[in-house]
Every structure is written in C-alpha cells, then in structure tokens.
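Biologist: I have this one open next to my notes and would like to go through it with you. Could we take it piece by piece?

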Amino acid sequence: MKVNYDELKDLMAQKLTNAGLKPAHAETVADVLAHADARGIHSHGAMRVEYYAERIAKGGVTIDPKFTFTKTGTGTAVLDADNGVGHVAAKEAMEQAIEIARENGTAVVGIRRMGHSGALSYYVQQAAEAGMVGISMCQSDPMVVPFGGAEPYFGTNPIAFGAPGKADDKIIIDMATSIQAWGKILHARSKNESIPDTWAVDKDGIPTTDPFKVNALLPIAGPKGYGLMMMIDILSGVLLGLPFGKHVSSMYHDLTAGRELGQLHIVIDPGAFTSTDLFRESISSMMKELNEVKPAPGFDQVLYPGQDALMKEQESMKNGIEIVDDILEYLRSDVIHNNQYDHKDPFAK
Ligand code: NAI
C-alpha cells in the first residue's frame, strides 16, 4: 500500500517511542528509515522497525546514551556512542565531521560502540548537501565468505559516497560489499524461488541456487570485493579498537546487549584541493555526460551511479512510498513487537 513520507515517518517514530526510545531519537531513526524506503531500499526501511522495537524493549540499545566526542587531532575525532541508537550517532558524527572539514579541509571521524545505522546514503547525503564530499563505511555481522572460503567471516560491510554538483545536483552511491543483501535471500525463500548461483554458498562453500541451502553470501567481484570488505572492517572496526571480522556481534544473537559496532566518516571540502565551483561544475558535467553515453542493447539510458535511487525518491515524494501491507498493519497496530528476533539464527530455514 502507498503511504506518504510524513505519515510513514510519524508511524515509525511513534512505534519506536512506544518501544522506549526517546522521541527525538525515534524521530531521527524514522527519518533514516523513511529515506531508505523512499529510495526503494526497503531492506533498510520500515521492515526493520519491529526488530529495532524488540531490541529497544529488551535493553539492547542504550535509551539515554552518553555520547562522548573527542577531537584527537586537527582533522580527526572519535564519537563513543555508548551503544545508543546507531542512526543518531552516525548523523551527529557527520554533522561534526562537516564542521571539522570546513575548518580543516578534511575530517575523519570514527564512531565506536554504536547500534546498527541503516542505509549509509543518509549520512553521505548530509555531506553533499553541505557542499562536501562524504564517504561513510561500517561493519556488519558476519555473513559473507572470504574468497575461497566455506564459512562466513566478514559482514556485508557497506560503503557510501556522496559528492555535490551544481545547485541541488548530487551523486550518491551506496552499496553493500556482498553481491546481494541477506534480505534478497529471505525474499526468494518467501516466494519459493531459486536464486542465481552467483549470490551465495551452501554449508560446504559450494555456490547454490536453493535459497534454503544458503549458509553465507558471496563478496562482490570475487577477491576484489573480498579485499574491499576487509578494508572497510579495518577502517571502521580495527582502527577504532573494536571487535572485527567474525567477532563482530550478530544482529540477532542477544537483543539485551549493545552491539559495539563501528562506522567511519571521511569528509573532504573540495575547496581545500581545487576551486569549489570547478569541482561542482565538473560533477554535474560528469552526471550529464554519463546520461549521454550510448546505451547498450536492452538499456534505455545509462544512469549515473545512484540515479536509480534518486529517481525512485522523486517518484516516492510525488506519489507515496510502497510499503508491504503486513508492515503497515504492524506500524498502525498497538503491538510493540512479536518476540521473533531474539537469538534467531539468520541462516535457519
Ligand atoms: P543495491 O545493490 O540496491 O545498489 C547499490 C548501488 O548501485 C546503489 O547506490 C544504487 O543506487 C546503484 N545502482 C543500482 N542500479 C543502478 C543502475 N542501473 N544505474 C546506476 N546505479 C545503480 O544496494 P545494496 O548493496 O543492496 O545496499 C542496500 C543498502 O543496504 C545500502 O543503503 C547500504 O548502506 C545498506 N546496508 C547497510 C548495512 C548496515 O549494517 N548498516 C549492511 C549492508 C547494507
């Protein structure tokens, strides 16, 4: 069913507040989730609310966290988020990173001991809207085999990049470093459909087309994606003194304890390297030139990276956001959660 952005956001904020989150924090989480749904990233939108509500209700998120922001150098800082809700920590850290980059030219801000922060596009969009280049990356729970491996080691460790063009133009690319999100396997299971053999492996590390046999996901681009997901884990985990690789906490293992996750924001003021006007003009020219590239058979037009999500967002703002009926029903109900996520084995049938 279609629902408009504000209504969706209010429903989600209310549910999270009812679960025990501070209204101001619930508002921010709801904004990040609605942003994802509007862009068609439903795996990181309203479908997460019930899981978050269960975690909040069971104490696995610090309700009134003490954020400690420490400047560790002229362009570096660390935010210890006290296992508060990840979306709020990541948003605040990006605001600080933008301020540091304004003064310093660049900023590298780590966030340690945070909860899950959802779709990273939200945070790099903050940077692009402030006229800055933004990069954000984070750890996630182990689900992906290392290249050549038969058991998971790294998470789907996402990375996002945002850059401003002329006026309101901006490029935003946001991707997991696994070929597919776990949500796509669950979707195939729910429809009893097979999956391409490039997505995932079974318990012996053999590529499988049966979504019920999946025991781990595959990295993007073989050894190259494997290397990239390691880099992300090093920069957003090891660099911040946090658990890494297979030691990163599982999303569902224990909903009564904080997740201790890490994320890293890098912000660059283009003016520290070139003329800001030239940079922004060039970004807009690149976007335009990519759209003008001759399309291959089967394609109507070449999109610049992330343009699909931007087009979806524009359509959602005009005509409403499509939300699965069951999720909307839950959001509109009095139920806080149905106790279905705690200690869930993500690979279980
Ligand atoms: P995806 O595979 O749907 O898209 C990846 C990127 O490619 C996006 O920027 C998309 O706009 C772009 N793209 C897709 N088709 C395109 C086309 N035809 N032309 C141009 N660009 C195109 O995204 P994925 O990898 O499934 O990630 C989904 C979300 O999950 C992201 O928001 C990511 O941040 C989030 N995530 C968050 C995690 C966390 O722990 N916080 C863990 C893993 C993912």
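**Talking through the model**

Biologist: What is the relative accessible area of M230?

Modeller: The value for M230 is 39%, and this is why the residue counts as partly exposed, a class that lies between buried (under 20% relative accessible area) and exposed (over 50%), with a 1.4 Å probe and protein chains only. Bear in mind that this is a predicted model, where local features need pLDDT of at least 70, side-chain atom pairs need 80 or more, and totals for chains, interfaces and linings use all residues. Numbering starts from 1 along each chain as its sequence is written, and side-chain values use heavy atoms, without hydrogens or water.

Biologist: And which helix is M230 in?

Modeller: M230 belongs to helix α7, which covers residues 222-236; helices (H or I, at least four residues) and strands (E, at least two) are DSSP runs, numbered from the N terminus.

Biologist: What about A93, buried or exposed?

Modeller: A93 is buried, because its relative accessibility is 0%, and it sits in helix α4, residues 86-104. Between the C-alpha atoms of A93 and M231 there are 21 Å, and the two residues are 138 apart along the chain.

Biologist: Switching to the ligand, which residues come nearest?

Modeller: Of the 20 residues around the ligand, the nearest are H44, G118, D174, A176 and D308, where a residue is near if one of its heavy atoms lies within 4 Å.

Biologist: How far is the ligand's oxygen atom from the side chain of D308?

Modeller: An oxygen atom of the ligand lies 2.6 Å from an N or O atom in the D308 side chain. On the backbone side, a nitrogen atom of the ligand is 2.9 Å from a polar atom of G118, and a ligand nitrogen is also 3.2 Å from a polar backbone atom of G306.

Biologist: Which elements give two or more residues to the shell around the ligand?

Modeller: Those elements are β7 (170-175) and α9 (307-319), and β7 gives the most, with 3 residues.

Biologist: Which loop holds S117?

Modeller: S117 lies in the loop that runs between β4 (106-114) and α5 (121-129). Because its relative accessibility is 4%, S117 counts as buried. Its side chain makes a polar contact of 2.7 Å with the side chain of Q263; the term means a pair of N or O atoms within 3.5 Å, and within protein one must be able to donate a hydrogen and the other to accept it, while residues adjacent in sequence count only if both atoms are side-chain atoms.

Biologist: Now the charged pairs: how many salt bridges does the structure hold?

Modeller: There are 18 salt bridges, each one a side-chain nitrogen of Lys or Arg within 4 Å of a carboxyl oxygen of Asp or Glu. One of them joins the side chains of R39 and E313 at 3.3 Å, N to O. R39 is in the loop between α2 and α3 while E313 is in helix α9, so this pair ties together parts that are 274 residues apart in sequence. Both R39 and E313 are buried.

Biologist: And what does R113 pair with?

Modeller: R113 meets D80 in a salt bridge of 2.9 Å, N to O. Since R113 is in strand β4 and D80 in strand β3 (residues 76-80), the pair ties together parts 33 residues apart in sequence. D80 is buried at 16% relative accessible area, whereas R113, at 22%, counts as partly exposed. R113 also meets E260, at 3.4 Å, N to O, and that pair links distant parts of the chain, 147 residues apart, with E260 in the loop between α7 and β10 (261-268).

Biologist: Which residues are linked in a network of salt bridges?

Modeller: The network takes in D80, D82, R112, R113 and E260.

Biologist: Last topic, backbone angles. What is the phi of A221?

Modeller: A221 has a positive phi near 50°, and it is not a glycine. Most residues other than glycine have a negative phi. A221 is in the loop between β9 (216-217) and α7, and with a relative accessible area of 53% it is exposed. N339 has a positive phi too, about 55°, and is not a glycine either; N339 is placed in the segment after α10 (325-332), and at 52% relative accessibility it counts as exposed.
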